[in-house]
Amino acid sequence: RTRRRGSETITSAMLDAPRPLLEAAGYVGLGLALDRVVGVVARRVVDRLRHETPSARRLALVSFAVGACSAAGPLAYALWLAAKRAARDRRGTKPSWMWERDFDASPPPIVRTKGNGDDDGSAPHVVVGADDAETNDGLFSIKNVYDREMQERTRKAVMEEMAIKRTSVTVRVPATSANLGPGFDCLGMALDMWSELTVSRANAFSIESSGEGADQVPQDETNLCCMGVKKAFEVAGEPVPPLAYVCKNRIPFARGLGSSSAAIVAGLIAGLVLTGHKLTCWGEESLLQLAAAIEGHPDNVSPAIYGGVQLGIHTGSRWMSERVTVPAGMQVVVFIPDTIGKTSDARAVLSQTVRREDAVFNVGRAAWLVNALNMQRFDHLAFGAQDRLHQPQRADQVYPHLYPLIDAATKAGGSAAFLSGAGPSVLAFTSGASGDIFAQREKERVDTQVAKAMLAAAQNAGVNGQVFITEPVETGAHVVHAEPPYSTKLMKYRGDV
């Protein structure tokens, strides 16, 4: 055993791997067994021939020589094998038998990127592992050549993956409903209502919008889709080339259904795909950090990215989001007014101070709502959707139709109702859906009667609009087309992307 740094000896190689040691022990044991067998035979022969001929003594010498060789041969082979493997380790090649060792294992290399979200806009480069310093286990010190080799392979693989740039991409992104009553700026739900964004490399900038709010959204680089793409290129450390945008807006514009968050998330994903840049998800949620930095809060962007019901918080250093269970059979009935609502106007009516009683009320209702969703208790949702932080103020000064629609929805059988986001849309939860609703008897569900009740209440309040019956969706924004495609002949992705 040696403590000299940088040294590699036969002893250290055998201590580092159990199999050569076991092989050596096996060979030595075999040699000793052969030596004993040959020795016994030789002694019996010598006993018989000891006093008869001189050749008996020669036979005894030969027998003992054979026994000694049978013991020394395997031991020499084991030492030679260990020396050979130690030399192989010095060249940086890890033998296959070392994969099976179950002790003294080095931790796997850690891969991360630098410059992929910093404000300096520097180009990303890959950092793998901690360092190349020698490790010491108290018995000996060696350089972990294998770890360095794997770090280099991983670095090359990540760089090759990031080097693939695409010429065109289409992203689908869902509508979202924020707050869900008491979860102001914290809770949000993705809805089965989708917009699409196609971004392609071109000779000159262009943008084409169709569908909801096509004549109201900006038709220049101030469009939120363009801002998302620009941020993605900035994170990748690349200048934004001339791009052509095609926006198919199926999410109602400025109605409290997350149209702005959908545009931001779709733009970010499209830009990342075009550059070939990848972000860290586990432990960092880098995409959420970028989207929330533009939007200002996670209640819409989080479900737009991940789908389902999401609960988002800020830890003081970054945004975090966790999924909340969506009860089976839940449907969503949304009353969408014909008039738009500006988030700035809806926030302007909110007080800068909150009474302690109202704060306690909302804390309890938000916790009750999350628990009701997780426990799939539709009968508890009505209390969980109550709010005192923003809905009363907005109902009094901006949306007088809010509480008449909430009362009508719950009286018609809805489990709960609330203002969707900053409004003016009002959303109600219903239950009873099973499979395709068009193949199910309407009497088993209440969505139709809730929709009719909300329309009648809106008409009585003097608000024109329409209802949209849909459901929560567990899938967030995703790529539906790319050039060149991700799919190959042997490996297909969903939708043959």
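Me: Which residues does Arg394 touch, not counting residues up to four places away in sequence?
Reply: Arg394 touches Asn179, Phe184, Ala346, Arg347, Val349, Leu350, Tyr399, Leu419, Gly421 and Ala422. Contact here means heavy atoms within 4.5 Å. This is a predicted model, in which local features need pLDDT of at least 70 and side-chain atom pairs count only at pLDDT 80 or more, while totals for chains, interfaces and linings use all residues. Residues are numbered from 1 along each chain as its sequence is written, and side-chain values use heavy atoms, with hydrogens and water left out.

Me: Where is Arg394 found?
Reply: In helix α12, residues 391-397. Helices (H or I, at least four residues) and strands (E, at least two) are DSSP runs, numbered from the N terminus.

Me: What is Leu389 in contact with, leaving aside neighbours within four places in sequence?
Reply: Leu350, Val354 and Asn362. Asn362 is 27 residues from Leu389 along the chain, and their C-alpha atoms are separated by 7.2 Å.

Me: Changing topic. Which members of the largest nonpolar core touch the most other members?
Reply: Val199, Val265, Leu381 and Phe429, out of 66 residues. Helix α6 (residues 259-275) gives the largest share of this core, 11 residues. A second, separate core has 23 residues, including Ala346, Leu402, Val426 and Ala451. A nonpolar core is a set of buried Ala, Val, Leu, Ile, Met, Phe, Trp, Tyr and Cys residues joined through side-chain atoms within 4.5 Å.

Me: Is Phe429 buried or exposed?
Reply: Buried, because its relative accessibility is 1%. Beyond four places in sequence, Phe429 touches Met189, Met330, Gln331, Val332, Leu381, Gly414, Ser415, Ala416 and Phe418.

Me: How many aromatic pairs does the structure hold?
Reply: Three. In one of them, the rings of Phe418 and Phe429 have centres 5.2 Å apart and planes at 70°, so the pair is edge-to-face. The pair links distant parts of the chain, with Phe418 in strand β12 (residues 416-419) and Phe429 in strand β13 (residues 426-430), 11 residues apart. Rings of Phe, Tyr and Trp (its six-membered ring) pair if their centres lie within 6.5 Å; planes under 30 degrees apart count as stacked, over 60 as edge-to-face and the rest as tilted.

Me: Why is helix α8 largely enclosed by the rest of the structure?
Reply: Because eight of the nine residues of α8 (residues 298-306) are buried. Those buried residues pack against β5 (168-178), β6 (187-201), α6, α7 (286-295), β9 (309-314) and β10 (319-324). Gly307 follows α8 and has a positive phi, near 80°.

Me: How many helices and strands does the chain have?
Reply: 14 helices and 15 strands. Buried residues make up 45% of the chain's 497 residues.

Key
Buried < 20%, exposed > 50% of the residue type's maximum accessible area, 1.4 Å probe, protein only.
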